[in-house]
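Please look over the following protein chain before reading on. The text below walks through its overall form and then some of its residues.

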Amino acid sequence: MTDSRRKSIQEVMDAIDWAISEINDLMSDEQESFDNLPLGRQLEDSDYQMLNAIENLDGAIDELRDAKGYLEEALV
């Protein structure tokens, strides 16, 4: 692999790291909002949407980590 391609892959990996960080921040904010809901309140549709969003954001992070792993393997 050429140095130029290696550099491009590293730039993509850096972008993935940035995306993971941003998504993690969003997930933390959503989790905090959910955790601050009044105790004893019956869950509403919007609450389930929050939980679904948290799970999906977590899944996105997992997928991005997997993608980065493949890119790292390509550099070996």
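What follows goes from the whole chain to single residues.

The model is a predicted one. Its chain contains 2 helices and 0 strands. Helix α1 covers residues 3–35, and helix α2 covers residues 45–75.

The overall dimensions come next. Taken along the principal axes, the box filled by the C-alpha atoms is roughly 60 × 15 × 15 Å. The radius of gyration of the chain is 17 Å, whereas a compact globule of 76 residues would have one near 11 Å. Of the 76 residues in the chain, 18% are buried.

How many salt bridges does the structure hold? There is 1. Its partners are D17 and K68, whose closest N and O atoms are 2.8 Å apart. This pair links distant parts of the chain, with D17 in helix α1 and K68 in helix α2, 51 residues apart. Side chains of opposite charge can pair when their charged atoms come close. The pair counts as a salt bridge because a side-chain nitrogen of Lys or Arg has to be within 4 Å of a carboxyl oxygen of Asp or Glu, and here the closest N and O atoms are 2.8 Å apart.

Is K68 buried or exposed? K68 has a relative accessibility of 19% and counts as buried, because the cut-off for buried is under 20%. D17, with a relative accessible area of 33%, is partly exposed.

Charge also gathers on the surface. E22, D25, D29, E32 and D35 form a patch of negative charge there. One of them, D29, is placed in helix α1. The relative accessible area of D29 is 47%, so this residue is partly exposed; exposed would require over 50%.

E30 belongs to helix α1 and is partly exposed, at a relative accessible area of 25%. From E30 to V76 the separation is 46 residues in sequence and 37 Å in space, C-alpha to C-alpha. L71 belongs to helix α2 and counts as partly exposed, at 21% relative accessibility. Between L71 and D3 there are 68 residues of separation in sequence, and their C-alpha atoms are 15 Å apart in space.

Methods
Residues are numbered from 1 along each chain as its sequence is written. This is a predicted model: local features need pLDDT of at least 70, side-chain atom pairs count only at pLDDT 80 or more; totals for chains, interfaces and linings use all residues. Side-chain values use heavy atoms; hydrogens and water are left out. Patches are made of residues with over 30% relative accessible area and no salt bridge: like charges are joined within 9 Å, nonpolar side chains (Val, Leu, Ile, Met, Phe, Trp, Tyr) within 5 Å. Accessible areas come from the Shrake-Rupley method with a 1.4 Å probe; for residues, only the protein chains shown count as cover. Lys and Arg count as positive and Asp and Glu as negative; His and the chain ends are not counted. The place of a charge is taken as NZ of Lys, CZ of Arg, CG of Asp or CD of Glu. Helices (H or I, at least four residues) and strands (E, at least two) are DSSP runs, numbered from the N terminus. Buried means under 20% relative accessible area, exposed over 50%, partly exposed in between (1.4 Å probe, protein chains only). The radius of gyration is taken over C-alpha atoms; the globule rule is 2.2 Å times the number of residues to the power 0.38.
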